[in-house]
Amino acid sequence: MAASPPCLNAAVSQRRRSLDGRALPRVLAIGGSDSSCGAGVQADLQSIAANGGQPVVAVTALTAQYSRGVTASVPLDPALVVAQVEAAYADDGPAAVKTGMLANGATVELLVRQFRATPPPILVVDPVIRSSSGAALLDEEGIEALCARLLPLASLVTPNVAEAEAIAGMHVLTLDDAKEAGRRILAMGARAVLVKGGHLAAAPATDLLVTADGALGFAGAHFPGREVHGTGCAYASAIATHLAHGCALDQAVRAAKGYIEALIGTAVRVGPGALMADHVAAAQMVQEGAR
Ligand code: PLP
């Protein structure tokens, strides 16, 4: 039987590369710190590692969270965010950059300036606006700067239904709506858009990848009632890592979606609210499935 391409089997390829003493592709995650470790850069770094990348992070804000939501959030000085990104570039430059919670307009503007000066080879933008529990994670100036100046630099934007609605300015209820929202976001300058169907009433587990070539649906397993905190962060980070490995966009999305399904399937209860992801268990499940 032919071997799976490495992008479909990253947990295995990661171990092989580490045993060989070879460097893994570095993936820079820029986002908020989530004290519960379910979302934010804590989810990013676990997802990057589990999918075969070497994580490096730049924290934009400190948040206190538990399974029911965000109890405190303080943005960091944007100059400190830039210093962290510059520090990441002081070693071998990252093969891919992923952004998540950017907190405010000042941080978005400084990052845009930095990305224009040193364009990341791959830029995955998870356009985080609110947490599932309703806490604002990006202010109004930040939303405006993200739409006008960050999206045009993105290789891929990964909105969920609520984010697609906010950015595209329309209701998204069906796959046709998701396609139209994706086209509108594409017209804002992004090279590709993945509209995630996790909360799409008409097709709850189908994600839609919209590019200049058309739209491609990714149907997946649906887990009714299993709300897992931070899956959006983990998904975008996994895609960025597979792209950093050299995978084509559709292969990277397929591999990352498989990982997220394992993450939802293995998540555990830690409190009264959303379930907590276990990235080690998910990586093990993907690895066992690949054998
Ligand atoms: N906290 C931080 C720091 C995040 O970056 C995000 C999402 O990107 C969230 C919370 C929201 O996660 P969830 O929607 O699963 O609550």
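An oxygen atom of the ligand lies 3.1 Å from an N or O atom in the side chain of His 229. Such a polar contact is a pair of N or O atoms within 3.5 Å; within protein, one atom must be able to donate a hydrogen and the other to accept it, and residues adjacent in sequence count only if both atoms are side-chain atoms. Taken alone, the ligand exposes 390 Å², of which the protein buries 89%. Accessible areas come from the Shrake-Rupley method with a 1.4 Å probe; for residues, only the protein chains shown count as cover.

The model is predicted: local features need pLDDT of at least 70, side-chain atom pairs count only at pLDDT 80 or more, and totals for chains, interfaces and linings use all residues. Residues are numbered from 1 along each chain as its sequence is written, and side-chain values use heavy atoms, with hydrogens and water left out.

An oxygen atom of the ligand is 2.6 Å from an N or O atom in the side chain of Ser 132. A nitrogen atom of the ligand is 2.7 Å from an N or O atom in the side chain of Gln 65. The residues around the ligand (a heavy atom within 4 Å of it) are Gly 32, Ala 39, Gly 40, Gln 65, Met 101, Val 128, Ser 131, Ser 132, Leu 137, His 229, Gly 230 and Cys 233. This shell divides into 5 nonpolar, 7 polar and no charged residues. Here Ala, Val, Leu, Ile, Met, Phe, Trp, Tyr, Cys and Pro count as nonpolar, Asp, Glu, Lys and Arg as charged, and the others, Gly among them, as polar.

Strand β1 spans residues 26-34 and strand β2 residues 54-66. Helices (H or I, at least four residues) and strands (E, at least two) are DSSP runs, numbered from the N terminus. β1 and β2 pair in the parallel sense over 8 bridges; pairing requires at least two DSSP bridges between the strands. In this pair, Leu 28 stands opposite Val 56 in β2. β1, helix α2 (residues 40-50) and β2 form a right-handed β-α-β unit. Right-handed means that, with the strands pointing away from the viewer, the path from the first strand over the helix to the second runs clockwise.

β2 also joins strand β3 (residues 69-75), through 6 bridges in the antiparallel sense. A hairpin of 2 residues links β2 to β3. Tyr 66 stands opposite Gly 69 in β3.

Helix α2 is mostly covered, with 8 of its 11 residues buried (under 20% relative accessible area; exposed is over 50%, partly exposed in between, with a 1.4 Å probe and protein chains only). The buried residues are Gly 40, Val 41, Gln 42, Ala 43, Asp 44, Ser 47, Ile 48 and Ala 50. Just after α2, Gly 52 takes a positive phi of about 95 degrees.

Cys 37 lies in the loop between β1 and α2. Its phi is positive, about 70 degrees, although Cys 37 is not a glycine. Cys 37 counts as partly exposed because its relative accessibility is 35%.

The loop between β4 (96-99) and α4 (105-117) holds Asn 104. Ala 103 is placed in the loop between β4 and α4 as well. Phi of Ala 103 is near 70 degrees, a positive value in a residue other than glycine. Ala 103 counts as buried because its relative accessibility is 12%. Asn 104, at 14% relative accessibility, is therefore buried. A polar atom of the Asn 104 side chain lies 3.0 Å from the backbone nitrogen of Thr 107.
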